[in-house]
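I opened this notebook to record what I looked up about the ligand and the pockets. The entries follow the order in which I checked things.

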Amino acid sequence: MDKITEYLMQSLPANEARVTELEQTAEKDGVPIMDPLGMNFVMQLIRLTNPGRILEIGTAIGYSALRMLEANPDAQIVTIEKDEERFQQAKRNIKDASKEDHIDIVYGDAIDYLQQVKDSTFDLVLIDAAKGKYQCFFELSAPLLTNGGLILSDNVLFKGYVADSEKQHPNYQVIAEKIRTYNDWLINHPDFTTSIVPIGDGIAISIKGRGKELSYHA
Ligand code: SAM
C-alpha cells in the first residue's frame, strides 16, 4: 500500500459493526466487494447528488447496496446478481438489516433484465460486474438514466494494470485490455461527460447530458 492510500485508509470514518462484519465475510469467502476508499467515495457522491432511484449491476452479498442506502436512506435501489448463492446471501443480509423496503434484489443476468425493463428510470447507476461487459451494461442502462444522472463504473484502473501495459500477469492483462477499450469508448461517448478518479480500484464518473446534445431521454 502506498503512503497516500495508507493515509486515506486511516482517515475513513469508523464503520458500524454490521458493515465490518460484511467486509470480513466477503474476505473470508473470497467474494470481491468494493474497495473501502472507492466505497466511501461513491457514498460521498450519493450524499452530494441525492439520487432517489439507484440501479446496481453486481450485488455480490449486498455490501455496496447497503452502503449506498446508508448514504441516502430514502433511496430505492434495484440491484442485480446472477450468482444464486450470492443472491441468496445478499437477500439474507438485506433482510437482517431490515432494508427490504428499499433494496430490491433481482436474481439473473443484468443484460437480460436491462433488455426487458421498460418503465423504470434511475438517477444513478453503479456498474460493478463482469469487466468484459461494461460497455453492454452501460449502453443498456443509459436510456433508463435521467438527464443529469450519473453512471459510475468501478475497477476502471484495475489494480494498476490498465495504466501500465508493461505490468505482467497471466490473467489481468487481458482484463486490463478490455477495460482500456471500455475507458476509451466511455471518454468519447457523445452523450456523457466522464472523469476517471484514481481512488480505490479506479472509478469512472459519467454524467448524462450537461451541455451535450442527447440522442435519447429517460
Ligand atoms: N458491488 C458489490 C459490492 O461491492 O458489494 C460487488 C460486486 S462483485 C465485484 C461482482 C458481482 O457481479 C459478482 O457477484 C458476479 O456474480 C456478478 N455478475 C457478474 N456478471 C453479472 C451479470 N451479467 N449480471 C448480474 N450479475 C453479474
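**Entry 1: the ligand shell**

I looked up what lies around the ligand and found 21 residues, the closest being Met34, Gly58, Ser64, Glu81 and Asp128. I counted a residue as near if one of its heavy atoms lies within 4 Å of the molecule. This is a predicted model, in which local features need pLDDT of at least 70, side-chain atom pairs count only at pLDDT 80 or more, and totals for chains, interfaces and linings use all residues. Residues are numbered from 1 along each chain as its sequence is written, and side-chain values use heavy atoms, with hydrogens and water left out.

I sorted the shell by class and noted 10 nonpolar, 4 polar and 7 charged residues. Ala, Val, Leu, Ile, Met, Phe, Trp, Tyr, Cys and Pro count as nonpolar, Asp, Glu, Lys and Arg as charged, and the others, Gly among them, as polar. Helix H4 (63–71) and strand S2 (76–81) each give the shell at least two residues. Helices (H or I, at least four residues) and strands (E, at least two) are DSSP runs, numbered from the N terminus.

Which side chains have an N or O atom listed with a nitrogen atom of the ligand? I noted Ser64 at 2.8 Å and Asp109 at 3.1 Å. For Gly58, a polar backbone atom is 2.8 Å from a ligand nitrogen atom. A polar contact here is a pair of N or O atoms within 3.5 Å.

The ligand on its own has 610 Å² of accessible area (Shrake-Rupley method, 1.4 Å probe), and the protein covers 93% of that.

**Entry 2: the largest pocket**

I found the ligand in the largest pocket; to sit there, more than half of its atoms must lie within 2 Å of the pocket's grid points. A pocket is an open set of points on a 1 Å grid over the protein atoms alone, where a 1.4 Å probe fits, with protein on both sides within 12 Å along at least five of seven lines; lining residues have an atom within 4 Å of a point.

The volume of the largest pocket is about 760 Å³. I counted 32 lining residues, with Pro32, Arg86, Asp128, Ala129 and Lys131 nearest the centre. The lining divides into 14 nonpolar, 5 polar and 13 charged residues.

**Entry 3: the second largest pocket**

I noted a volume of about 310 Å³ for the second largest pocket. Its lining has 14 residues, and Asp2, Thr5, Pro198, Ile199 and Gly200 are closest to its centre. Helix H1 (residues 3–11) gives the largest share of this lining, 4 residues.

Notes
A polar contact is a pair of N or O atoms within 3.5 Å; within protein, one must be able to donate a hydrogen and the other to accept it, and residues adjacent in sequence count only if both atoms are side-chain atoms. Grid points are joined across faces, edges and corners, and a volume is the space filled by probe spheres set on the points.
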